[in-house]
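Hi,

Here is the structure I promised to pass on. Have a look first, and my notes follow below.

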Amino acid sequence: MTIPTWPTTLPRPDRDSWQKSPQDARLKRQNDAGPPSYRRRYSSVAQAVTLSIMVDRDGKAVFDKFRETTTSEGSLPFYMPDPTTDGWGLFTADGQPLLTNDDQPLLLAAQWLCLFGDTMPAEAVVGVEFRITFSVSVMP
């Protein structure tokens, strides 16, 4: 089975809408007195990430087709560029960009294996574009 990849024509997620929180891997113990205590329930923890993208009508069609058809209504895992790492430049300790031999910036690359989250994507019209807000679960 080939794992689908996030469409390259879709834009990076907006930075101001990005939120990430780990899945709670703890199991709370009830004590007779004093503060609660916890133990680890499982060792692999997914990350819940909320994202949004601004797209035009064509971008909305690409997103809809990816979710509905390629990921079978969001039920299949897919690879997505990590918006916090992928495409960001590398810098020296004093803040200078690291360059290749032909003066091109060195960029980081990373991708997530993820699934669409518990809530289905929501969209809103903003001018002539669409803001699509969705969540993904990033697999450990």
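Let me start with Glu-123, which is partly exposed at a relative accessible area of 44% (buried means under 20%, exposed over 50%, partly exposed in between, with a 1.4 Å probe and protein chains only). Before going on: this is a predicted model, where local features need pLDDT of at least 70 and side-chain atom pairs count only at pLDDT 80 or more, while totals for chains, interfaces and linings use all residues. Residues are numbered from 1 along each chain as its sequence is written, and side-chain values use heavy atoms, with hydrogens and water left out.

Glu-123 meets Lys-60 in a salt bridge, 3.2 Å from N to O (a side-chain nitrogen of Lys or Arg within 4 Å of a carboxyl oxygen of Asp or Glu). Lys-60 lies in helix α1 (residues 57-70) and Glu-123 in strand β7 (residues 122-126), so the pair ties together parts that are 63 residues apart in sequence (helices are DSSP runs of H or I with at least four residues, strands runs of E with at least two, numbered from the N terminus). Shared partners join Lys-60, Asp-64 and Glu-123 into one network.

Lys-60 is buried at 10%, and Asp-64 is buried at 17%.

Elsewhere, Asp-24 and Arg-26 form a salt bridge at 2.9 Å; Asp-24 is partly exposed at 43%, as is Arg-26 at 41%. The count comes to 6 salt bridges.

Enjoy exploring!
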